[in-house]
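Dear colleague,

I am handing over the structure below, and I would be glad if you could look through it with the notes that follow it.

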Amino acid sequence: VWSYHDQVALVVAAMNKIKAAFRSEGVPYGQENVYAAKKRSYWLDQVPRRRARERLMLLYANLDDLQGRHAEMEKRLRRLAHRHPVAKRLLAIPGYGVVRSLTFLVIVDTPFRFATRQKLWRYGGLGLCETQSGDPSKGRKHPDLQYNRRLKALAKGAMEVALWRSRANPFQAVYRRLVDHGTRDPLARLTVARKLLAVAWGMWRNDMAYDPARVT
């Protein structure tokens with residue numbers, strides 16, 4: 001799982017180098033896809049210097065190699081997720097694909113690591129801790145700065161997918177109900193992200209299958 005995430009970072013870095021090479025030659029690409037194999041000849045023709053074109057061809061070859069390895073690793077993760085009993089159940093949660101399901105399991109390690117879902121939220125950067133100075137009644141709640149950033153990205157990514165996927169799901173219903181009752185959009189999104197972590201944790205901890213009725 002960690003090797004897959006490392007590979008994704010390498011692919012992104014290779015893409016950034018290609019865009020940087022075009023920028024250094026003064027070629028405006030805007031939001032156009034400069035990576036697609038069918039478009040590469042067109043973009044290379046926009047580069048006047050031969051040496052620069054040769055460098056871009058090498059960068060494209062490196063990107064192809066990295067993407068090939070990425071695709072192979074993704075296939076291996078897919079096979080693993082469908083063999084792993086817990087990961088297979090997590091795939092039923094809206095927003096949880098193969099990568100997020102396995103990443104959740106690897107990060108959390110064991111569901112009994114956290115006594116409550118609030119502690120899981122804090123570890124994922126979605127909870128609040130209380131700092132007291134002098135009088136305990138003056139304690140203020142604020143986000144905990146010591147959290148797992150990859151787990152937070154997982155929860156937020158799952159939230160975005162769950163909210164905007166075409167098929168209706170209970171997480172969309174939770175979000176709409178909160179917004180309709182006056183909850184600000186960022187807080188409603190935070191609530192949904194928390195639920196997505198809590199549902200996966202609860203399923204694992206209690207050895208349960210995904211039940212949409214229990215989300216709300």
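Predicted model: local features only at pLDDT ≥ 70, side-chain atom pairs only at ≥ 80, totals over all residues.

On the H3 side the contact is made by Leu77, Arg78, Leu80, Ala81 and His82, and on the H5 side by Val98, Val99 and Leu102. Sorted by class, this contact of H3 with H5 has 6 nonpolar residues, 1 polar residue and 1 charged residue.

As to the chain as a whole, its secondary structure comes to 9 helices and 2 strands, and from the N terminus on the elements run α-α-α-α-α-α-β-β-α-α-α. The radius of gyration of the chain is 22 Å, whereas the globule rule gives 17 Å for 216 residues, so the chain is more spread out than a compact globule. Along the principal axes, the C-alpha atoms of the chain fill a box of roughly 70 × 45 × 35 Å. Buried residues make up 38% of the 216 residues, and of the contacts between residues at least 6 apart in sequence, 59% join residues at least 24 apart.

In soluble globular proteins, nonpolar side chains tend to be buried together. Here the largest nonpolar core has 42 residues, of which Ile93, Tyr96, Phe104, Phe171, Leu196 and Leu197 touch the most other members. Two or more residues are given to this core by each of helix H3 (50–83), helix H4 (85–90), helix H5 (98–108), helix H6 (117–123), helix H7 (149–164), helix H8 (170–180) and helix H9 (185–206), and the largest share, 11 residues, comes from H9. If residues up to four places away in sequence are not counted, Leu196 touches Ile93, Pro94, Tyr96, Ala155, Ala158, Met159, Ala162 and Phe171.

Apart from that core lies another one, of 18 residues, among them Ile18, Phe22, Val47 and Leu59. Phe22 has its place in helix H1 (residues 2–24) and counts as buried, because its relative accessibility is 0%. Once its neighbours within four places in sequence are left aside, Phe22 is in contact with Val27, Tyr29, Val34, Trp43, Val47, Leu56 and Tyr60. Between Phe22 and Tyr96 there are 36 Å in space, C-alpha to C-alpha, and the two are 74 residues apart in sequence.

Glu25 lies in the loop between H1 and helix H2 (40–45). Its relative accessibility is 18%, so Glu25 counts as buried, the cut-off for that being under 20%. With neighbours within four places in sequence left aside, Glu25 is in contact with Val47, Arg49 and Ala52; Val47 is also one of the contacts of Phe22.

Most residues other than glycine have a negative phi. Asp109, in the loop between H5 and H6, has a positive phi of about 75 degrees although it is not a glycine, and this residue is exposed, with a relative accessible area of 57%. Asp207, in the segment after H9, is likewise not a glycine and has a positive phi of about 55 degrees; at 58% relative accessibility, Asp207 counts as exposed.

With best regards

Notes
Residues numbered from 1 in each chain as written. Heavy atoms only, no water. Core = buried A, V, L, I, M, F, W, Y, C linked by side-chain atoms within 4.5 Å. Buried < 20%, exposed > 50% of the residue type's maximum accessible area, 1.4 Å probe, protein only. Helix = DSSP H or I, 4+ residues; strand = E, 2+ residues; numbered from the N terminus. Contact = heavy atoms within 4.5 Å. Nonpolar A, V, L, I, M, F, W, Y, C, P; charged D, E, K, R; others polar. Rg over C-alpha atoms; globule rule 2.2 N^0.38 Å.
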